[in-house]
Amino acid sequence: GTYNESVTVDTANITLEGPNANTPGHSDTRGPEAIINRTTAPSSGGSAVSITADNVTVTGFQIESSAQDGINIGEIGSNVTISNNRNSRVDGNGFGSGNGAGNGINIQTKDGGDTLENLRIVGNEISNVSSPGNDPNQRANGIQFAGENDNITIRDVVINDNVIENI
């Protein structure tokens with residue numbers, strides 16, 4: 001089915017498992033999709049799926065977003081897996097005083113001293129990601145790492161077997 005809402009995972013040890021959890025996002029053999037579709041866009045930022053906890057897996061969904069991000073991983077510590085999803089549309093939206101770049105998957109660290117570890121982004125398809133108004137200073141991204149501070153530790157990150165197109 002289609003779920004016209006945004007999902008926030010702020011509790012540790014959660015797995016969101018869609019019907020295509022065992023099939024890569026770019027496979028032609030995927031079955032019917034469970035679609036998480038954020039249909040509203042805030043004045044800035046926002047995502048269809050937001051993860052702010054450790055030990056979280058999101059797998060087997062189709063993700064669509066009228067907001068800035070398809071999936072946002074923010075302020076995390078460890079053990080997050082994004083696998084076998086099809087991020088098929090991210091519109092981007094206003095961010096701050098300008099236009100916000102659309103991001104298929106946005107990994108965002110905020111605090112100096114943060115540690116990001118054991119992140120897996122595998123088997124996803126990310127396509128049709130855009131930025132409003134074609135602002136040359138705001139480029140759309142398939143996968144983005146964004147930090148707001150220095151002194152961030154990143155280790156044991158695997159990004160593998162993803163198809164990124166039409167960005």
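Modeller: This is a predicted model. Let us start with an open sheet of five strands, which run in the order β3-β6-β9-β14-β17 with parallel pairing.

Biologist: What makes β3 and β17 edge strands?
Modeller: Each of them, β3 (14-17) and β17 (153-160), pairs on one side only. From one strand to the next, the twist averages 5°.

Biologist: How do you know that β3 and β6 pair?
Modeller: Two strands pair if DSSP finds at least two bridges between them. β3 and β6 have four bridges, in the parallel sense, so they count as paired. In this pairing, Thr15 stands opposite Thr57 of β6.

Biologist: Where is Thr57, and why is Thr57 called partly exposed?
Modeller: Thr57 lies in strand β6, residues 56-59. Its relative accessibility is 22%. Buried means under 20% and exposed over 50%, so Thr57 falls in between and is partly exposed.

Biologist: Which residues does Thr57 touch, leaving out those up to four places away in sequence?
Modeller: Thr57 touches Ile14, Thr15, Leu16 and Thr81. As for Leu119, 62 residues away along the chain, its C-alpha atom is 10.0 Å from that of Thr57.

Biologist: Which residues of the largest nonpolar core touch the most other members?
Modeller: Ile51, Ile71, Ile73, Ile82 and Ile105 do, in a core of 23 residues. Among the elements giving two or more residues to this core are β6, β9 (78-83) and β14 (115-122).

Technical notes: Residues are numbered from 1 along each chain as its sequence is written. This is a predicted model: local features need pLDDT of at least 70, side-chain atom pairs count only at pLDDT 80 or more; totals for chains, interfaces and linings use all residues. Side-chain values use heavy atoms; hydrogens and water are left out. Buried means under 20% relative accessible area, exposed over 50%, partly exposed in between (1.4 Å probe, protein chains only). Contact means heavy atoms within 4.5 Å. A nonpolar core is a set of buried Ala, Val, Leu, Ile, Met, Phe, Trp, Tyr and Cys residues joined through side-chain atoms within 4.5 Å. Axes are lines fitted to C-alpha atoms, for helices over the stretch in contact, and angles run from 0 to 180 degrees between N-to-C directions.
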